[in-house]
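Here are some notes to read alongside the structure. They are numbered so that each point can be checked separately.

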Amino acid sequence: MAKLSEIAAWIGAEPVTAEGDVVRVAAPEDAGADCLVFATDAETLAAAMASGAGAVIGPLDSLDSAREGKPLLRVKHPKFAFAVAAQRLTPDRAPAGTHPSAVVVQPELVGEGTSIGPFCVIAPNVRIGRNCQILPHVTMYPGVTLGANCIVQSGVVLGATGFGYVPDPKTGEYVIFPQQGTLVIEDNVEIGANSTIDRGALGETRIGQGTKIDNLVHIAHNCVIGKNVVIAAQTGISGSSVVEDGAVLGGQVGIGEHALVGPGVILGGGAGVLSGKKLRGAGEVFWGRPARPLKEYLRSLARLKQR
Amino acid sequence: MAKLSEIAAWIGAEPVTAEGDVVRVAAPEDAGADCLVFATDAETLAAAMASGAGAVIGPLDSLDSAREGKPLLRVKHPKFAFAVAAQRLTPDRAPAGTHPSAVVVQPELVGEGTSIGPFCVIAPNVRIGRNCQILPHVTMYPGVTLGANCIVQSGVVLGATGFGYVPDPKTGEYVIFPQQGTLVIEDNVEIGANSTIDRGALGETRIGQGTKIDNLVHIAHNCVIGKNVVIAAQTGISGSSVVEDGAVLGGQVGIGEHALVGPGVILGGGAGVLSGKKLRGAGEVFWGRPARPLKEYLRSLARLKQR
Amino acid sequence: MAKLSEIAAWIGAEPVTAEGDVVRVAAPEDAGADCLVFATDAETLAAAMASGAGAVIGPLDSLDSAREGKPLLRVKHPKFAFAVAAQRLTPDRAPAGTHPSAVVVQPELVGEGTSIGPFCVIAPNVRIGRNCQILPHVTMYPGVTLGANCIVQSGVVLGATGFGYVPDPKTGEYVIFPQQGTLVIEDNVEIGANSTIDRGALGETRIGQGTKIDNLVHIAHNCVIGKNVVIAAQTGISGSSVVEDGAVLGGQVGIGEHALVGPGVILGGGAGVLSGKKLRGAGEVFWGRPARPLKEYLRSLARLKQR
């Protein structure tokens, strides 16, 4: 529970004159009097005001709250403010500590405040920072490093053997190329359920600070993912590719080996980047297989549809 | 083991005059005298009759069994009848009860007859219906509801945190949008190995009665999947999308956010549905990325191949 | 640690006159004096020679090692020789034995020298060959057979129920087609993290000797995968398809039901093979959805880009 005046302080809203407090966030259609909701424009504001919510976060140009009949916290970025308020109101985290069923080979390498769930396997030489949340069934192979404040959802496999083989020239049988490198994950990274990130073959695989990874994503050996990158579900990134800071990858994107996705590049869902290809341009959208600038790709699609 | 006359009763076949019984189902090439096989047309019937099987389920227009030398159970839908007979003959299910290694926070919320395998993690406030089969290594996050007669294969993650973030306008760092909703799975749903279904952000994610989901499928927060939907392997459905009753999704289909797949729509393997797009038409086949009516898509492919 | 003369013998290099020994393999940029590196041509050889490495495996036409100032082991296939040397120098394997937390129903069916990690579930009638490495959280359903020298990464699910349903003609509800077959995996197969391979419906699913499978791959019921096949991450193969010896499948490939990929065929990343389609030609590259010979596909792409 928090007073509206506290919430206003958290999110930098104008001081609220109305008294009152809320317990949790909600969508307008489910909101009760103890709920905080948000609106981003006139239409959603009307819905929020008509809802059962106890208070509303709205945009700066919202009408005066007194006229609306419900306390209104006005901010420049209502959705962001709502997310911040939600995290303070109802932090969604497990209590610190390691579940007794987990196998943690060197507990002295686990930071304070970190929670490790049932049936996790944390191999030797794994270092885990403070205040991480490791959900059930996570496996970390030997030597993995995880920064502070990371969240690793259930079933994630970190640091598994990479997929690199060399055919025997005589028999065609494959011999594994050495997969003896490491995996380093920086602070504030979040990884979705059942995703897999392999360790480097000889060097390291690295995931930059603040990067968010969805479910069932695959990141191969020796990839370097920058800071604040967003990677949606079922995307796969092949060995030794680089995705730079602030890039956004849609779902089911496929990236070949030794490719480069430059800072701030946006890849539409299902886009494919060829091995060795370099895509650049902050805010530029690429789409299709192989990925091309959005306008060019849409032109091709349009021509295909012509009779 | 069952007598042929019993099986005839189960599947609604004409009464069988021949004596005899069978123990299990098989494919014709592996069938022994204790096996039941099926045939759907003249060609497969010949193979079935030439096999070592003890009895055959065949189509209504099959010749008289006496002439064929092997007991023949004639029905309108032989493959369906065979599936029904197999379920009765050799039900493939684990005995009821919870493996001692499983972590079930509130066992009083688990229905009778349900089986929970080794190393499952069933968090607080999870409700599980009767006669479910939960295979090993399944994780259910807090608050998930699972109906009766569901089958959840190994490694499935139900109710994980959805993937929704809001960038901090000042720093570009991402803050999670609240993921505090629920996941409701209705009766008779089956979910394949290592699939993931996230809980709602604020509202709920819902999987309708009788829906069947293959391996490595991803269903995001706030999706609503109807009844008797079929979703093949590695398909991904982004946040807040709706798939209505009886739709059939091939493998590796990708569906954007807030899209709608209408009742009975069929999506070919690898098809992609754009965010916000609505596809309708029971029995209509859509294919390609972006998905278009099959005929139109095939025309485009043909034109692409021309010199 | 090994003497250079020993390593020369392992890899069939010319005898080395220089004394010395190395401890491990490395990439040139990370190599210390105790490290062995490799080079495949003049450019990488220069980098290797300029590195801190203690010795270099290089191609046959490398200049004389005395002139280069660093011991040089000359072979026809340096990368292959490096992989072989790495395996001998620093074998990356867990010690034999079963972790006490694992559930192994019939330990008498597990071969000598095999390692089974924490929280594995090995059901009844599962046979595992010698010297396998089963990483944590692997599930093997009843009746699975795994050959010798296999490596199964964390989270893999072997032998789960296949995805085959028959609609009830009256209600549209789905009844499962019997999934009572088996899964046989031959010797020297390696399977990446969180991949899933289903058992046969009535017959068997089979993975041939020496085949290597990456992370998050799905192989459906009744598939037959040949020997020394390579399958990259997130590829999916639908029911009853056949992939013959020596084929190479890129990442995110999708193969329909009852398709055939002939011996030595190469499928580019993201390629799609239609149900029932047969692709043949050792060394032939197919690409696109639907997959076509590479030249033909590239021609289509080029035409699409024209204004």
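How many bridges join strand E31 of chain B to E34(B)?

1. The link between two strands. Two bridges join strand E31 (residues 260-261) of chain B to E34(B), and the strands run parallel. Keep in mind throughout that this is a predicted model. In the pairing, B:Val261 has B:Leu279 of E34(B) standing opposite.

2. The sheet around that pair. E31 and E34 belong to an open sheet of eight strands in chain B, with the order E11-E14-E19-E22-E25-E28-E31-E34. The pairing in this sheet is parallel. Strand E11 (127-128) and strand E34 (278-279) of chain B are at the edges; each has a single partner strand, so one side of each has no neighbour in the sheet.

3. The nonpolar core. Which residues touch the most other members of the largest nonpolar core? They are A:Val261, A:Leu267, B:Val261, B:Leu267, C:Ile122, C:Val261 and C:Leu267, in a core of 195 residues.

4. With its neighbours within four places in sequence left aside, B:Leu267 is in contact with B:Leu249, B:Gly250, B:Val253, B:Val261, B:Phe286 and B:Ala291. Chain A as a whole. Chain A has five helices and 36 strands. Its C-alpha atoms fill a box of roughly 85 × 65 × 25 Å along the principal axes. Of its 307 residues, 58% count as buried. Among the contacts in chain A with a separation of 6 or more, 20% are between residues 24 or more positions apart.

5. One strand of chain A in detail. Are the residues of strand E4 (residues 35-38) of chain A buried or exposed? A:Cys35 and A:Val37 point one way, A:Leu36 and A:Phe38 point the other way, and all are buried. Strand E3 (residues 24-25) of chain A pairs with E4(A) in the parallel sense over two bridges, and the bridge partner of A:Arg24 is A:Cys35. E4(A) also pairs with strand E5 (residues 55-59) of chain A, in the parallel sense and over three bridges; here A:Phe38 stands opposite A:Ile57. Between E4(A) and E5(A) the chain passes through helix H2 (residues 42-50) of chain A, in a right-handed β-α-β crossover.

6. A run of pairings in chain C. Strand E13 (residues 139-140) and strand E16 (residues 157-160) of chain C are joined by two bridges and run parallel. In that pairing, C:Met140 stands opposite C:Leu158. E16(C) pairs in the parallel sense with strand E21 (residues 196-198) of chain C over three bridges, where C:Leu158 stands opposite C:Ile197.

7. The contact between chains C and A. Here 41 residues of chain C are in contact with 38 residues of chain A. On the chain C side, helix H4 (78-89) and helix H5 (294-305) each supply at least two residues. The largest share, six residues, comes from H4(C). By class, this side of chain C has 16 nonpolar, 19 polar and six charged residues.

8. The contact between chains B and C. This contact takes 41 residues from chain B and 38 residues from chain C. Helix H4 (78-89) and helix H5 (294-305) of chain B are the elements that give two or more residues to the chain B side, and H4(B) gives the most, with six.

9. How the copies are related. Chain C is laid on chain A by a turn of 120° and a shift of 0.0 Å along the axis, with an RMSD of 0.0 Å. This is the relation of a three-fold axis. Chain B is likewise superposed on chain C by a rotation of 120° with 0.0 Å of shift along its axis. Why can the copies be said to meet through different surfaces? Only 15% of the interface residues of chain C are also interface residues in chain A, so the surfaces through which the copies meet are different.

Technical notes: Residues are numbered from 1 along each chain as its sequence is written. Chains are lettered from A and ligands numbered from 1 in the order in which they are written. This is a predicted model: local features need pLDDT of at least 70, side-chain atom pairs count only at pLDDT 80 or more; totals for chains, interfaces and linings use all residues. A nonpolar core is a set of buried Ala, Val, Leu, Ile, Met, Phe, Trp, Tyr and Cys residues joined through C-beta atoms within 7 Å. A residue is buried if 20 or more other C-beta atoms lie within 10 Å of its own, exposed if 12 or fewer, and partly exposed in between; C-beta atoms are placed from the backbone. Two residues are in contact if their C-beta atoms, placed from the backbone, lie within 7 Å. Helices (H or I, at least four residues) and strands (E, at least two) are DSSP runs, numbered from the N terminus. Ala, Val, Leu, Ile, Met, Phe, Trp, Tyr, Cys and Pro count as nonpolar, Asp, Glu, Lys and Arg as charged, and the others, Gly among them, as polar. Copies are superposed by least squares on the C-alpha atoms of residues with pLDDT of at least 70 in both. Two strands pair if DSSP finds at least two bridges between them. A crossover is right-handed if, with the strands pointing away from the viewer, the path from the first strand over the helix to the second runs clockwise.
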